[in-house]
Amino acid sequence: MVTRRNFMKKSTLLATGVGASFFFPVELLATLRKRVSPNDQIQVGLIGCKGMGFANLLSMLKISDVQVVALCDVDENVLKSRVDELKKANIKKPKLYGDYRKMLEDKDIDVVIIGTPDHWHCLQLTDTIMAGKDAYCEKPIANSVQECDIMLKHVKASDRMVQIGQWQRSQPHFKDAIDFVHSGKLGQIRLAKAWAYQGWMKPVTVVPDSTVPSGVDYDMWLGPAPKRAFNQNRFHFNFRWFWDYAGGLMTDWGVHLMDYALYGMKASRPNSVMALGGKFAYPNDASETPDTLQTVFEFDQFSILWEHATGIDGGNYGRNHGIAFIGNMGTLVLDRDGWEVIPEKEFQGWGKEGIDRMEKIPLKISDGTNGLDLHTQNFIEAVKTRDSSVLNAPIRVGYDTAIVSHMGNVAYKTGNRIYWDEEKNKFTEENANQFLTATYHNGWKLPK
């Protein structure tokens, strides 16, 4: 545990959901990048330059073949700061845009990174595909089940390479852990758990509406979301906690961790879902999404349990996030730091020590390989080879986990146990189905 604790100190910022590439000194890019013939260059444009969008770009720029030719953001202040950052790496100033549609008209762009809030992903991904460009899209793929369906169909009907930013799919120790789960050594797995306990998350302090900051195109930021007065709480990072733009921790961390729970159990849609929770930690703060939630997904021979809580780090097995596969022979526990197997004990009588049903596997710590870098390298390989089969997180991976995570939020909103009709692709309870669809505002149209 001492070793693990020291390791966790090094990865604290990763555990708070911030991309690993943020810690890479931008000026070092100049020492990594080599001259590449213009004929071999892959030209990239970024939509949404704050947070993970820029982290994804920096990760791709470690590949010398990648050239950034365009940046798009509704906040001129963000654009200026990103241009200043890129100068440190001697990277030529890209073209700057405030409207992503104008950027997509640029014939020089081969690849588009979509790093905007969730409510924009469907429009921007489908428009990117229709513009004939490949895409790296942040997770979750969309803010509703209906949008997820539309995006899946668009990608399947195209020849474009599309990678979803669920970068743990490229992390070696995650792959090793799932191989062990699939080996059958854990015995019958009756329950899988995934959780995110976020002690670093403090209340979102209530602030009054205010004037739009200078340099911000707020109408463009809202896009298809309902028209509202500007409020700092709904802008940039904290958009995650408002239903207009995102789905809270269930779709933020949930898509990363539920993805591996589903992957390990070879599962897709649950038979039913039920969820309980609310704003228990910070009942009077400004956020809308629940800060405490337990969601049970029922499958044929097992269940998956999702848990999240803000303001608490004391999660399952002493981990603030992770996935556990609980089998008759033992339990495998996995997180971003590594994985281990805890054997079940064969009961020998009261007061007697049980006998391990399988071999204990001590914590296998991650080798520290940057999963985001591996993920972007995997994407660029697919772009070069035009082979979508090599993608570690193709649209289907993002689709499956986003659908299930949204189902969890629908169950929370209804307050009922709701049942899924796989043939009709909707719930049997009509009251629940109202939460599956997207309503676009301000003149924006839902893609067909």
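pLDDT is the predictor's confidence in each residue, from 0 to 100. That score matters here, for this is a predicted model. Over the chain, pLDDT averages 94. Of the residues, 95% score at least 70. The start of the chain is another matter. Across residues 1–22, pLDDT stays under 50. The model does give this stretch 42 contacts beyond four places in sequence. Still, where pLDDT is low, the predicted coordinates should not be read in detail.

Now go to strand β13, residues 338–343. Five of its six residues are buried, so the strand is largely enclosed by the rest of the structure. Buried here means under 20% relative accessible area. Which strands pair with β13? One is β12, residues 330–335. β12 and β13 run antiparallel and share six bridges. A hairpin of two residues links β12 to β13. The other partner to look at is β16, residues 361–365. β13 and β16 also pair in the antiparallel sense, over three bridges.

Trp-339 is a handy landmark in β13. Leu-334 stands opposite Trp-339. Lys-364 in β16 also stands opposite Trp-339. Find Trp-339, then look for these two residues across from it.

Next, turn to a loop. His-119 sits between β4 (111–114) and α7 (121–130). Is His-119 buried or exposed? Its relative accessible area is 4%. The cut-off for buried is under 20%, so His-119 counts as buried. What does its side chain reach? It comes to 3.2 Å from the backbone oxygen of Trp-221. Trp-221 is also among the residues that His-119 touches beyond four places in sequence. Others in that list include Asn-143, Glu-147, Leu-222 and Pro-224. Ala-225, Asp-244 and Tyr-245 are there too.

Finish with helix α12, residues 254–265. α12 has twelve residues. From its first C-alpha to its last, α12 reaches 16 Å. That is close to the 16 Å expected at 1.5 Å a residue. How many of its residues are buried? Eleven of the twelve are, and α12 is mostly covered. Among them are Gly-254, Val-255, His-256 and Leu-257. Met-258, Asp-259 and Tyr-260 are buried as well. Further along the helix, so are Ala-261, Leu-262, Gly-264 and Met-265.

Terms used. Residues numbered from 1 in each chain as written. Predicted model: local features only at pLDDT ≥ 70, side-chain atom pairs only at ≥ 80, totals over all residues. Heavy atoms only, no water. Contact = heavy atoms within 4.5 Å. Buried < 20%, exposed > 50% of the residue type's maximum accessible area, 1.4 Å probe, protein only. Helix = DSSP H or I, 4+ residues; strand = E, 2+ residues; numbered from the N terminus. Pairing = 2+ DSSP bridges. Polar contact = N/O pair within 3.5 Å; in protein donor to acceptor, adjacent residues only side chain to side chain. Expected span 1.5 Å × (residues − 1).
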